[in-house]
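Open the model in your viewer and keep the selection panel at hand. This tour goes stop by stop.

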Amino acid sequence: MKTSKELAVQMRGISKHFPGILANDGIDLDVYSHEILALLGENGAGKTTLMNILAGLYKPDGGQIFLKGREVEFHSPKDAIEHGIGMVHQHFMLVESLTVTENIILSLQRSGMNLHANQVKQRILELSSQYHLLVDPDASIWQLSVGEQQRVEIMRLLYRGAETLILDEPTAVLTPEEATDLAKILRKMADEGKAVILITHKLNEVTAFSDRVTVLRAGHVVSNLLTKETTKKELARLMVGRDILFHLEKKKCKAGNPVLQLEHVHATNDKGLPALVDVNLQICAGEILGVAGVAGNGQRELAEAIAGLRHIDQGKISANGQDITNSSPFKVISAGISHVPGDRIGVGLASNLPVSDNLVMKAYRNPPIVQGQLVKKKSIVQFVDRLINAFNIKTPSSDTPARLLSGGNQQRLILAREITASQGMLIAVYPSRGLDVGATESVRSTLLEQREKGSAILLISEDLEEINQLSDRVIVMYEGKIMGTVDPETTPLETIGLMMAGQPLSAIEKHGKVEQSA
Amino acid sequence: MRIQFEKRTDRNRLSGFLIPVLSFFLAILFSALILLFFDINPIQAYSVMVKGSLGSTYALSETLVKAIPLMLTGLGVSIAFHMHFWNIGAEGQLAMGGIAAAYVALFLKDAIPSSLLLPAMFLAGGLAGAVWGLIPAGLKSSIGVNEILTTLMMNYIATLLVEYLYLGPWRDPKGFGFPGTAQFVQAAWLPRLTGRVHYGIFFALAAAVLLWFLLSRTKRGYEIRLIGENPKAARYAGINITKNIILVMLISGGLSGLAGMAEVSGIAHRLYMGLTVGYGYTAIIIAWLANLNPWAILVVAFLMGALLVGGDQLQIAMQTPAAVASILQGAILFFMLGGSIFNTYKITITRTRSKKQGENAHE
């Protein structure tokens, strides 16, 4: 790659205080044009804070920012973008009912009189082909997939002349295919001379996307490395500050009796389209059944159907021999099924309520938390303290609102509650999504621990590595159908990949595309 | 210089107390300017109001008289607000309570033994308010109709029904044309403590105790809070949301219905035009100012009562326009709610260096 790298941004001695935390403590950062820089760190390491400062959203308590050698001071994101720095946040800021062109006009903040929609559209198309950034200028935002919306966000920055683009965990919301596309777009932008900063805590992304990596830990820069000269293992150690177990200890499965059973289940999604088509599965005690598939192929509906949160049109669901087809969530909970929902904040927590209220969400109806109708405050305190200690939930106190916890601790809170309430059955949906390496490790070992205690676990995940690491059997879903059941230890990833793309296992075996070594 | 809002992550006890007090005084200052504009001496006006509402046993009792319906309706709406069910129909629920109690007192007085007349009115009033609250609850939980619209619209139905009844079919034939029903028999009069303060005060105190107990000590209270904070999480936790909406609105409407019963039975001893004077709307303000805390609702309702009585006194003693009292009320509400922002946010002021200095330093 021939590049003429130039120092685009220099940050020197940046510090930022939040009540109780020093988020950034004297950080130095160099960003070059023609280059993708990965900003790696665990949740809470200060990555997003640092980038919010660069994008003009926060004001640093101390330190300086230089653009091409000149000191600058940003008072707003508008200020920053006028200096050529723009950021794509995790939550997109687009007007759903307007078209792509209209959204971009809106962001220009000039009087609409001088702007002709056609000119804007023309420019969008030019940029689109220059950066291979496929965007339909006339499409309304609500019609676009998440990946396409992200491209609109990037387009908006390019349109406004951004030279340095910051992306905050861009792949968190993308399917694997969309992530690959994004990688190509980012590479193209770097080739065209832009400086690209990628905030991430995923090691795969660092190695696949970036040229250089800066590792942050607890508000400090711990290392600056060239991506090709480092390894995932080294990065993980730098990020967490200790060695990480990439291979969890997993004992041989000693599967017991079938505990959860689905027979010929059909259901529709929120739009009334078929989401589950003739789904049959069973999970035994002491077994993890992994569900692989590209997001949106019925996984969410599968979890909801079992949990009593979605009506099924046909079929039968039973737990421990008890028929729980179309039962209320309460009945499903009483049958002993726990559920770690995919939408942590939206469904799994009442984030304004204190940690204690969130921990008793399942246990509150049983003694000793209540006696008759009355809540026993003392028992709650004991129960909550026990869970906080046992599951190592880091919280200032049990009265702290759950929203103030980090993602990893929120997930530990949910796991603590669900595992305690579980009687042998657990549905875990995207249990480690958005978590840093340390928290992911802890979530996964917790799941394995439950398996050894004899729980039947349904694990839904987009992360194939996670599925392979944890599951005893894997089913692959495509458009609501099960493409086949495989053993993760003996099945090549390629087979699972083909199944995720819609090929039934039987067809793959017949064509002999992949040799099965079992 | 730049001024920025930053979210507080800690709750400061002192500011939690100082902010409302300061807001109150700012409101008083602001209103003083308005009074001056009307050529009214604010100091004199305020002293008339304080004396008139708190300065004597009689004044205090009149303040309590106004406070009773405010307490009951304030408590009533607060429990629905805990669940984020926006019941703004306390006025209509109060009116229906008054109608039902009046019906019992006027038309069933011979069928019911006189010792049971008051309990029957109590039940009828509470029940009528509850039923009036049940209709929006049912519409919301069955087909998702927005409760703000239904509760509000049902206020008009109920208040106009009151008017129709005392002007039309229930009008006192011997009333010399005055709008209102005939006076109830004495057995239907709610006993009084002192002045016009009636036993409704005990309804209010008991309701506060019951609400506090329900919300902070029972399983049901936890469910109500959880539904309010995140209905999806509540459903996921296996909570029956429909059942809770129905129950909460029965209580909410019931308490406002009792306020109506106490008004007709304790004050006027008839159904008349003074029943629906906006207590049910002031109740919403009270519930918010009190942060939905039952004890605080009692206190705020008392202060609101004082403001109402003080406003009347001002009108009588100084011939001020009736709107002056409303302006005062509005100013207090405005400043208190505005001030509450500072409980969740703090302001930081930073000085920015001039650009020149920054550039010189590096060239």
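Residues are numbered from 1 along each chain as its sequence is written, with chains lettered from A and ligands numbered from 1 in the order in which they are written.

**Stop 1: a helix pair.** Select residues 57-82 of chain B, helix H3, and residues 200-217 of chain B, helix H7. (Helices are DSSP runs of H or I, at least four residues, numbered from the N terminus.) Their axes lie 9 Å apart, at an angle of about 20°. H3(B) and H7(B) are therefore roughly parallel. Now show side chains. H3(B) contributes residues including Leu64(B), Ile68(B) and Leu75(B), and H7(B) residues including Phe203(B), Ala204(B) and Leu211(B). (Contact: C-beta atoms, placed from the backbone, within 7 Å.)

**Stop 2: between the chains.** Here 23 residues of chain B touch 28 residues of chain A. Select 219-229 of chain B, helix H8. H8(B) gives the most to chain B's side, with six residues.

**Stop 3: chain A.** Colour domain 1 (7-240), domain 2 (256-336 + 423-518) and domain 3 (348-421) of chain A; these bounds come from an automatic or database domain assignment. The C-alpha centres of domains 1 and 3 of chain A lie 37 Å apart.

**Stop 4: a caution.** Select residues 513-518 of chain A, where pLDDT (the predictor's confidence in each residue, from 0 to 100) stays under 50. Where pLDDT is low, the predicted coordinates should not be read in detail.

Key. Predicted model: local features only at pLDDT ≥ 70, side-chain atom pairs only at ≥ 80, totals over all residues. Contact = placed C-beta atoms within 7 Å. Axes fitted to C-alpha atoms, helices over the stretch in contact; angles between N-to-C directions. Helix = DSSP H or I, 4+ residues; strand = E, 2+ residues; numbered from the N terminus. Parallel < 35°, antiparallel > 145°, perpendicular 65-115°, else oblique.
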